[in-house]
Amino acid sequence: MNKTTKKSVHPMRWIPTTWFAMGLPFVALSGASSIMYKNMGVSDAKIAFWTSLIMLPWTLKPLWGPFLELYKTRKFFVYITQIFTGLLFGLVGISLQLDHFFSISIAVFTIIALSGATHDTAADGVYLNELSETQQAKYVGWQGAFYNVAKVFSGGALVYLAGELEKTMGIHIAWMIVMFAYGIIMLLLGFYNMKAIPSTESDVKTSTFQQGVSTLKDVIISFFQKKYIWFSLAFIVFYRFAEGQAIKIIPLFFKASRSEGGLELTTSEIGILYGVFGAIAFVLGSIVAGNFIAKFGLTRKSLLILCAFFNIPFLAYAYLAVMLPTSLYVIGTAVVIEYFGYGFGFVGLILFMMQNIAPGKYKMAHYAFGSGLMNLGFMLPSMVSGILSDYLGYKEFFIWVMIATIPAFIVTVLVPLRKADEQE
């Protein structure tokens, strides 16, 4: 048995860069790509379906989690996937200049999703094993903050850059440059994290493929034997049910013409909304939530508050769809409300999985299962959101989104919470 050796590294040296690297490719695939394809003339239904389907690796990632320990360490898989993802973004940029750019770029995005999902599993493993439960609660706000920084940077600064470049270079060249920018950032993060992440040699649990299969079987069985597991799964799936439907359509709604019921914003204006209004609100929401959780802990009352902050702000988009304001400040206020609520409320979901699903023999693998199923609850509604919005129209669609928040409140009220001293 190998002895565990740890190099003392302050969490703030590696949490910000690791979770920024976690958020950047996820948001590029789930958000920025939608605006890119919209500008290139792809239909809403096609965009929503394919940019949702390529997120499937984030649901399936628990299936290869146990095999990561066959080779190298969690740290290795964190920085090597960051570097690999950076190279792949370069390929996406090149593919945009080809005739069949949509199918080729979607294929490369799928490989990025596989790399990103592997990265997230390893990064969560580092977080869960390096930090105590107290530290996990302390830094979960910062974890969420920098994940959200990546979201607003991707949907804000880089989308704004694309919008400005579109004016002089054309859509395809502009987005090629932006994809190159994604790639360079991921490469820099990978080389930094190669040094910054703690060098920890964990006890080897698997040494052969057969043992990996056996471990995976044990991981799955023990996961579904957890106390209240079905209540917990219902919670993590339905917590994001409304978000899964809204998140794909919001940028398409922003871009659509007013004759179609949209706000007819330019790509640069969308970048400003996300990069300025959204960025500030998102980071503040995440940090405030971290302090909120550190003070009150994860209780029934605090979880219900987090759920409300996460879901109720979607009302802002219903207002925009009904009123169709022209003022960028009014639209920006709606974005601020939603982004602050999202940053605040998402922390509750992450901490719930850490404290109610992850504890036990296979912390990393069970957390990966939980986050994978959470992503499934996000992905499936996203896949049909384009069809639904086309059928209903933007106004009725966002009213429906508010109705779709109801299941989140029901599961939040009903889900049992694990006691701090409770053993798995």
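Modeller: Start with the word contact: it means heavy atoms within 4.5 Å. By that rule Ser371 touches Trp58, Lys61, Asp124 and Met353, not counting residues up to four places away in sequence. Keep in mind that this is a predicted model.

Colleague: Where does Ser371 lie?

Modeller: Ser371 lies in helix α15.

Colleague: Why does Ser371 count as buried?

Modeller: Buried means under 20% relative accessible area. Ser371 has 5% relative accessibility, so Ser371 counts as buried.

Colleague: What about Ala122: what does this residue touch?

Modeller: Ala122 is found in helix α5. Leaving out residues up to four places away in sequence, Ala122 touches Leu68, Arg74, Phe77, Val78 and Met364.

Colleague: What makes Ala122 buried?

Modeller: The relative accessible area of Ala122 is 0%. The limit for buried is under 20%, so Ala122 is buried.

Colleague: How far apart are the C-alpha atoms of Ala122 and Lys217?

Modeller: They are separated by 19 Å. Along the chain, Ala122 and Lys217 are 95 residues apart.

Colleague: Which hand does the crossing of α10 and α15 have?

Modeller: The crossing of α10 and α15 is right-handed.

Colleague: Which residues meet there?

Modeller: From α10 come Phe241, Glu243, Gly244, Gln245, Ile247, Lys248 and Ile249. From α15 come Gly377, Phe378, Pro381, Ser382, Ser385, Gly386, Leu388 and Ser389. The residues of the contact of α10 with α15 divide into 6 nonpolar, 7 polar and 2 charged.

Colleague: What makes α10 oblique to α11?

Modeller: Helix α11 spans residues 267–296. The axes of α10 and α11 come within 9 Å and cross at roughly 135 degrees. Roughly perpendicular ends at 115 degrees, and roughly antiparallel needs over 145. The crossing angle lies between those limits, so α10 is oblique to α11.

Colleague: Is the crossing of α10 and α11 left-handed or right-handed?

Modeller: The crossing of α10 and α11 is right-handed. Ile250, Pro251, Phe254 and Lys255 of α10 make the contact with Thr267, Ile270, Leu273 and Tyr274 of α11. The residues of the contact of α10 with α11 divide into 6 nonpolar, 1 polar and 1 charged.

Colleague: Let us turn to rings. How many aromatic pairs are there?

Modeller: Rings pair if their centres lie within 6.5 Å. By this rule the count comes to 38 aromatic pairs.

Colleague: Why is the pair of Tyr37 and Phe109 called edge-to-face?

Modeller: The ring centres of Tyr37 and Phe109 are 6.5 Å apart, and the planes stand at 85 degrees. Edge-to-face needs planes over 60 degrees apart, so the pair of Tyr37 and Phe109 is edge-to-face. Tyr37 lies in helix α1 (residues 15–39) and Phe109 in helix α5 (residues 101–130), so the pair ties together parts that are 72 residues apart in sequence.

Colleague: How do you know whether Tyr37 and Phe109 are buried or exposed?

Modeller: Buried takes under 20%. Tyr37 has a relative accessible area of 0%, so Tyr37 is buried. Phe109 also has 0%, so Phe109 is buried.

Colleague: What kind of aromatic pair do Phe309 and Phe344 form?

Modeller: Phe309 and Phe344 form a tilted pair, 4.4 Å centre to centre with 35 degrees between the planes. Stacked needs under 30 degrees and edge-to-face over 60. The pair links distant parts of the chain: Phe309 in helix α12 (residues 300–311) and Phe344 in helix α14 (residues 328–357), 35 residues apart.

Colleague: What makes the phi of Tyr228 stand out?

Modeller: Most residues other than glycine have a negative phi. Tyr228 has a positive phi of about 60 degrees although it is not a glycine. Tyr228 is found in the loop between α8 (209–224) and α9 (229–238).

Notes:
Residues numbered from 1 in each chain as written. Predicted model: local features only at pLDDT ≥ 70, side-chain atom pairs only at ≥ 80, totals over all residues. Heavy atoms only, no water. Left-handed = near helix turned anticlockwise from the far one by under 90°. Helix = DSSP H or I, 4+ residues; strand = E, 2+ residues; numbered from the N terminus. Nonpolar A, V, L, I, M, F, W, Y, C, P; charged D, E, K, R; others polar. Phe/Tyr/Trp six-rings, centres within 6.5 Å; stacked < 30°, edge-to-face > 60°. Buried < 20%, exposed > 50% of the residue type's maximum accessible area, 1.4 Å probe, protein only. Axes fitted to C-alpha atoms, helices over the stretch in contact; angles between N-to-C directions. Parallel < 35°, antiparallel > 145°, perpendicular 65-115°, else oblique.
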